[in-house]
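Here's a quick tour of a protein model, starting with the surface and overall build and then zooming in on a few spots in the backbone. Have the viewer open while you read.

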Amino acid sequence: MLRSYEGPFAVEEVALSGEPGPGELLVEIAGCGMCRTDLAVRRSAGRSPLPAVLGHEGAGIVVAAGDGPGGAIGVGDHVVLSFDSCGDCPACRGAAPAYCDSFAALNLFGGRPEHPPRFTDAAGDALAPRWFGQSSFARYALVRARNAVRVDPALPLALLGPLGCGFLTGAGAVLNSFRAGPGDPLVVLGAGAVGLAAVMAAGAAGAPVVAVDRHPRRLALAERFGAVPLPAGTAGLPDRIRRLTDGGARYALDTTASPELVNDALRALRPTGTLGLVARLPGVLPLEPGTLDRGRSVRHICEGDAVPGLLIPRLTGLWQAGRFPFDRLIRTYPLSEVNEAERDCEAGLVVKPVLIPEGGSR
């Protein structure tokens, strides 16, 4: 649990009130990825309510299920949890749940005000509602069946949670947003969890890829996954990318929110090329003259434009075929070491921490 924006995480007893309601599942968590969106709560200027149980890359086993919608998932099923969405707005009905009209309310800012609190601490005080519909830095998570995806029980369940957000975002940008394939050169700026998932997805799609990062260890990982590595401080970076991509990248994916790298990426695009942004920009993005000439475009990509129930099985299938080795990015920590996992993540010592609740499912 996080009680203050500046304080450490703490492992505490929390009560979940009531049984799963219609369309809800109680999931025993096997593992939960730590995403930078969880850590960004500290910099949310008070917009994300605390105290709260964070975590939104959970995977586990269904131990109880309510009636109603979602009946296709039942007790004993292995599930990966993803972002929440309403299911009723035009975006959800149009198979674009990442652009749900209620996305911010359901995922970032504590749910809808008409929903009753479900969490209380040991003193009986109410906590913030579910984070991203999950709050899966925990032994158990109460979720809507809508944001759970059933997976093959033969898969390594404790490692699958990041497929619900970070890896889904990077891979989805390549496979869904860009629909990249052979002959579609791609540059990925930032070789963290999202960027490396994009690199792996590009390799699976047969798209040549250049990876840019300031950490040599992460560039080495990107190279191992088939990317041409370029240090972020390389002089004349756009020219280098254009030479490596035979005249310019068709697609660029920025995961850094660095204005300098965003402008470099735009200059490295060939005519009609597209830059996708997945990181939240901290302020105004100044675009330099000429960067949007010749049909180049820039757009924001949320959650890899994914329908989780479609993309997560695709990614697990690629993993089984040896073409999306996301498990090589993961280091596991006991849930009790959540603060160590955060420190290692912030220091760049680990790409994707996954927290394992002690005594939970494996």
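This is a predicted model: local features need pLDDT of at least 70, side-chain atom pairs count only at pLDDT 80 or more; totals for chains, interfaces and linings use all residues.

V298 sits in strand β13, covering residues 297–300. Its relative accessible area is 34%, so V298 counts as partly exposed.

Now for the overall build. The protein has 10 helices and 15 strands. Its radius of gyration is 20 Å, close to the 21 Å that the globule rule gives for 362 residues, so the protein is as compact as a globular protein of that length. Along the principal axes, the C-alpha trace spans about 60 × 40 × 40 Å. Of the 362 residues, 56% count as buried. If you take the contacts with a separation of 6 or more, 68% come from residues 24 or more positions apart.

Some background first: most residues other than glycine have a negative phi, and most peptide bonds are trans. Which residues have a positive phi of about 50° although they are not glycines? F132 is one of them, and E303 is another. F132 lies in the loop between β5 (119–121) and β6 (140–144), while E303 is in the loop between β13 and α9 (308–320).

Are these two buried or exposed? F132 has 3% relative accessibility, under the 20% cut-off, so F132 counts as buried. E303 comes in at 7%, so E303 counts as buried as well.

There's also a cis peptide bond, joining L50 and P51 with an omega of about 0°. P51 is found in the loop between α1 (36–39) and β3 (58–65).

**A glycine in the β5–β6 loop**

G133 is also placed in the loop between β5 and β6, and at 3% relative accessibility G133 counts as buried. Leaving out residues up to four places away in sequence, what does G133 touch? The list is D84, L106, N107, L142, V143 and N147.

**An aspartate in the α4–β8 loop**

D184 is in the loop between α4 (166–178) and β8 (186–189). With a relative accessible area of 10%, D184 is buried. What lies 2.9 Å from a polar atom of the D184 side chain? That's the backbone nitrogen of G181. Not counting residues up to four places away in sequence, D184 touches R179, A207, P208, R250 and Y251.

To wrap up, here are the relative accessible areas of the residues visited above.

| Residue | Relative accessible area | Class |
|---|---|---|
| V298 | 34% | partly exposed |
| D184 | 10% | buried |
| E303 | 7% | buried |
| F132 | 3% | buried |
| G133 | 3% | buried |

Definitions and conventions:
Residues are numbered from 1 along each chain as its sequence is written. Side-chain values use heavy atoms; hydrogens and water are left out. Helices (H or I, at least four residues) and strands (E, at least two) are DSSP runs, numbered from the N terminus. Buried means under 20% relative accessible area, exposed over 50%, partly exposed in between (1.4 Å probe, protein chains only). The radius of gyration is taken over C-alpha atoms; the globule rule is 2.2 Å times the number of residues to the power 0.38. Contact means heavy atoms within 4.5 Å. A polar contact is a pair of N or O atoms within 3.5 Å; within protein, one must be able to donate a hydrogen and the other to accept it, and residues adjacent in sequence count only if both atoms are side-chain atoms.
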